[in-house]
Amino acid sequence: MTGTQAAEPRAARRTLVMHGANAGETARRMLPKLPDDCFVPAGLAALRGAVGEGLAQVVLVSGMEEQAGIAGGVPALAAITADLDGGAALAGEVERAGTPQRVYELWEAAGRLGPCGRELCRRTAGELERFAAEAAGSATSPVAAQVVLVDARGERMVGMFGRMAR
């Protein structure tokens, strides 16, 4: 075995891929070289445990439900809408939407899914890194976060944000 071959599994284990309810197969297709033990259902407990084992990178592939849960719920989605100048009417509709999936539909209908989806990914990545820093007992995150937003079926990428390394 060459030095490169020996290093690949160790590096792969330093990556955690969390996926939403319908996005497991999509995540595996996006990152086919990673071993199966890198893929887990989305959850902050999995991230906390992996940080303690020397995690370097977390990738989240999920829909609106999981990301909204991490980013702060529908109020965070309303803030994104307002911050990206989606207009007062749309921001009000989003605030009253009740579910992240309804917000997805509103953003899509208003032509705001692309920019708002990317911003949601950015804020979710920030929250994952903040959580990783907290889990490590550090002021800065030892983990680089990448976040991919997929549609409700978990098949089509809608937005993405991320860092390759810290």
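A salt bridge is taken here as a side-chain nitrogen of Lys or Arg within 4 Å of a carboxyl oxygen of Asp or Glu, and the views below come from a predicted model.

**View 1. A salt bridge between E108 and R156**. Here the side chains meet at 3.6 Å, N to O, and the pair links distant parts of the chain, with E108 in helix 7 and R156, 48 residues apart from it, in the loop between strand 4 (144-150) and strand 5 (157-162). E108 is partly exposed, with a relative accessible area of 41%, and R156 is partly exposed at 42%.

**View 2. The salt bridge of E134 and R130 in helix 8**. The side chains meet at 3.4 Å, N to O; because the residues are four apart in helix 8, about one helical turn separates them. E134 counts as exposed at 53% relative accessibility, whereas R130, at 44%, counts as partly exposed.

**View 3. The largest nonpolar core, around L77**. This core has 35 residues, and those with the most contacts inside it are L47, V58, L77, W107 and L128; helix 8 (residues 113-136) gives the most to it, with eight residues. Leaving aside residues up to four places away in sequence, L77 touches M64, A68, V94, P100, V103, W107 and L120.

How values were computed: Residues numbered from 1 in each chain as written. Predicted model: local features only at pLDDT ≥ 70, side-chain atom pairs only at ≥ 80, totals over all residues. Heavy atoms only, no water. Core = buried A, V, L, I, M, F, W, Y, C linked by side-chain atoms within 4.5 Å. Buried < 20%, exposed > 50% of the residue type's maximum accessible area, 1.4 Å probe, protein only. Helix = DSSP H or I, 4+ residues; strand = E, 2+ residues; numbered from the N terminus. Contact = heavy atoms within 4.5 Å.
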